[in-house]
Amino acid sequence: MKHYIVTIVAVLGALLSPLNAQTPASKEPPFGIASDATLFNGKWYRVYLEKGTWKSARQKCRTLGGQLACVPDAPTQAFLAEFAKTLELWLGATDEKVEGQWVWIDGTEMKYTAWGPKQPLRNSRVENYLGIGGHRLWFDAPNHWECVGFICEWKDK
């Protein structure tokens, strides 16, 4: 009896395997993405510890073929917050076009937020750029502010 059960399981496994076959996820970033980037939820992320302004960080990410990281949901926020345990890092959102209307640099509306206490500063025409701080929450800052780094993201190719 045992032999028949093992045979049936083996035959079913062989028949069903093409239906369940998937290309294994690559552990290596695709060509053009930093080799030490981390994959999360279909995007690759890397922290750059280069002190600078939001605009210089945005340009650096563009030069590298990506963009400053966008945070569409709580799981992404939790993932990126791990990078910012004790650091201030730039993220990819701004309200420079319309004060108080924060948008992600990929053009998507900011639906999820993780603002720190008393953030964003209301009616501030200069604090237009998004960062994530040591408390793992967001803050807004002026462009002349220099964070210790930034987070770039790339779509999985």
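Select helix H3 first: Thr-76, Gln-77, Phe-79, Leu-80 and Ala-81 are buried there. The model is predicted, so read every feature below as part of a prediction. H3 covers residues 74-81. Now show what surrounds the helix. Its buried residues pack against strand S1 (38-40), strand S2 (43-48), S4, S6, S7 and S8.

**Strand S4**

Move to S4, residues 89-94. Is this strand mostly covered or mostly open? Mostly covered: six of its six residues are buried. Colour the two faces separately. Leu-89, Leu-91 and Ala-93 lie on one side, and Trp-90, Gly-92 and Thr-94 on the other. Both faces are covered.

Next, bring up the strands paired with S4.

- S6 (residues 129-132) runs antiparallel to S4, and three bridges join them. Pick Leu-89; its bridge partner in S6 is Ile-132.
- S8 (residues 149-155) runs parallel to S4, with two bridges between them. Here Leu-89 stands opposite Gly-149.
- S5 (residues 103-104) is antiparallel to S4, again through two bridges. Go to Thr-94, whose bridge partner in S5 is Val-103.

**Strands S6 and S7**

How many bridges pair S6 with S7? Four, in the antiparallel sense. One to display is Gly-131, whose bridge partner in S7 is Phe-139.

Follow the chain through the turn. The hairpin of S6 and S7 has five residues between the strands. Stop at Arg-136, which takes a positive phi near 65°.

Then look along S7 itself.

Switch to side chains. In soluble globular proteins, nonpolar side chains tend to be buried together. The largest nonpolar core here has 20 residues. Select the ones with the most contacts inside it: Leu-80, Leu-91, Trp-104, Met-110, Leu-130 and Trp-138. Helix H3, S4 and S6 are the elements that give two or more residues to this core.

Centre on Met-110. What does Met-110 touch, not counting residues up to four places away in sequence? The list is Ala-93, Trp-102, Trp-104, Trp-115, Leu-130 and Trp-138.

Now select Ala-34, Trp-54, Leu-68 and Trp-90. These are among the 17 residues of another core, which lies apart from the largest one.

**Aromatic side chains**

Show the rings. The model has 10 aromatic pairs. Trp-102, Trp-104, Tyr-112, Trp-115 and Trp-138 form one aromatic cluster. Of these, Trp-102, Trp-104, Trp-115 and Trp-138 also touch Met-110.

For a charge over a ring, jump to Arg-46. It lies over the face of Tyr-48, at 4.2 Å from the ring centre.

**The disulfide**

Select the cysteines. A disulfide is a covalent bond between the sulfur atoms of two cysteines. A search of the whole structure finds one. Which residues does it join? Cys-61 and Cys-152, with an S to S distance of 1.9 Å. The link is left-handed, at -95° about the S-S bond. It ties together distant parts of the chain: Cys-61 sits in helix H2 (residues 54-63) and Cys-152 in strand S8, 91 residues apart.

Why does Cys-61 count as buried? Because its relative accessible area is 0%, under the 20% cut-off. Cys-152 is buried too, because its relative accessible area is 0%. Cys-70 counts as buried at 4% relative accessibility. Cys-147 counts as buried at 1%.

**Lys-157**

Finish in the segment after S8, where Lys-157 lies. Buried or exposed? Lys-157 counts as exposed, because its relative accessibility is 67% and the cut-off is over 50%.

Now draw a line from Lys-157 to Pro-30. The two are 127 residues apart in sequence and 6.4 Å apart in space, C-alpha to C-alpha. Show the contacts of Lys-157, leaving aside its neighbours within four places in sequence: Pro-30, Phe-31, Gly-32 and Ile-33.

Notes: Residues are numbered from 1 along each chain as its sequence is written. This is a predicted model: local features need pLDDT of at least 70, side-chain atom pairs count only at pLDDT 80 or more; totals for chains, interfaces and linings use all residues. Side-chain values use heavy atoms; hydrogens and water are left out. Buried means under 20% relative accessible area, exposed over 50%, partly exposed in between (1.4 Å probe, protein chains only). Two strands pair if DSSP finds at least two bridges between them. Contact means heavy atoms within 4.5 Å. A nonpolar core is a set of buried Ala, Val, Leu, Ile, Met, Phe, Trp, Tyr and Cys residues joined through side-chain atoms within 4.5 Å. A disulfide is a pair of cysteine sulfur atoms within 2.5 Å. Rings of Phe, Tyr and Trp (its six-membered ring) pair if their centres lie within 6.5 Å; planes under 30 degrees apart count as stacked, over 60 as edge-to-face and the rest as tilted. A charge sits over a ring if NZ of Lys or CZ of Arg is within 6 Å of the ring centre and within 35 degrees of the ring normal.
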